[in-house]
Amino acid sequence: VSTRMLFITLSAGGVLQATSTFPSHCKTKSVYFIKKKLFHSLFEDRVHSHLIYGDLCPKPIDQLAVLTEEVFVPMLSNPYVHKNWPSMVTRDVKKHVTDLKNSVNQVRGLLNGQTLLPMPDGVEKVAEVERRIIESGGEDVNLQLKSAIEGAVIKWAAQINDVTQEQSSIAFNGGANPTPSFEIQFWANRLKNLESIYDQLRDERVQKMASIMEHT
């Protein structure tokens, strides 16, 4: 049967496996090859023009995160792309792009047992905005960025509250009988997550956001 796709994965036993369907349970990195046109014959000097190829992460969310960070965000945030768009549409697209990036990162973090704090739209401007506010004595304020920061802080507070409200007793849900090691692991994970949150709050961009809020 003719097919346009070929996936090559490495099995748990270290054997390369080829399949024409998307690998549903893969624990290692895979590579894929896709023919641009089904019935084109492949020759050594035409591989690059007739094939699309690359690698796949074991976790789809990691693949989506890379795709979002390296393709969607740069493409949709490029001023050249929306130079002829109305300013309202441009702002709306940028906001949705930021929301998409933050959502993907949050899901990725949760799957890895970490709470990732979403950055507000326009975070790349915080250094310049802070400088202007300080120089103007709090008069030159970017209200759009300030509003975005306030919204982000509200989300952070809710996320951190959820973390601190977690209880190890959830292990007993459904009549389960966990061993003491679960309790130890729970608090170890809690500590790791809180340290990660603390490090995120110490980020230079977050410190500048705090400065913006203090001066306005």
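This is a predicted model: local features need pLDDT of at least 70, side-chain atom pairs count only at pLDDT 80 or more; totals for chains, interfaces and linings use all residues.
Colleague: What makes β3 and strand β4 (residues 51-56) a pair?

Modeller: Two strands pair if DSSP finds at least two bridges between them. β3 and β4 have 6 bridges, in the antiparallel sense. Residues are numbered from 1 along each chain as its sequence is written, and side-chain values use heavy atoms, leaving out hydrogens and water.

Colleague: Which residue of β4 is the bridge partner of I34?

Modeller: I52 is the partner of I34. For V31, the partner in β4 is D55.

Colleague: How do you know that strand β1 (residues 5-10) and strand β3 (residues 30-35) pair?

Modeller: DSSP gives them 4 bridges, again antiparallel. F7 has Y32 of β3 as its bridge partner. Strands here are DSSP runs of E, at least two residues long; helices are runs of H or I, at least four; both are numbered from the N terminus.

Colleague: In what order do the strands of the open sheet stand?

Modeller: The order of the 4 strands is β2-β1-β3-β4, with antiparallel pairing. β2 (16-19) and β4 each have a single partner strand, so they stand at the edges and one side of each lacks a neighbour in the sheet. On average, neighbouring strands are turned by 15 degrees against each other, direction ignored.

Colleague: Why are α2 and α3 called roughly antiparallel?

Modeller: Helix α2 (residues 60-77) and helix α3 (residues 87-111) pack at about 165 degrees, with axes 10 Å apart. Axes are lines fitted to C-alpha atoms, for helices over the stretch in contact, and angles run from 0 to 180 degrees between N-to-C directions. Over 145 counts as roughly antiparallel. The α2 and α3 pair is therefore roughly antiparallel.

Colleague: What makes the contact of α2 with α3, by class?

Modeller: Contact means heavy atoms within 4.5 Å. Among the residues that meet are L64, F72 and L76 in α2 and V97, L100 and V104 in α3. The contact has 12 nonpolar, 3 polar and 4 charged residues. Ala, Val, Leu, Ile, Met, Phe, Trp, Tyr, Cys and Pro count as nonpolar, Asp, Glu, Lys and Arg as charged, and the others, Gly among them, as polar.

Colleague: How do the axes of helix α5 (residues 143-165) and helix α7 (residues 204-215) cross?

Modeller: They cross at roughly 115 degrees and come within 11 Å. The contact includes L145, I149 and W156 of α5 and V206 and M209 of α7. By class, 7 residues are nonpolar, none polar and 2 charged.

Conventions
Angles under 35 degrees count as roughly parallel, over 145 as roughly antiparallel, 65 to 115 as roughly perpendicular and the rest as oblique.
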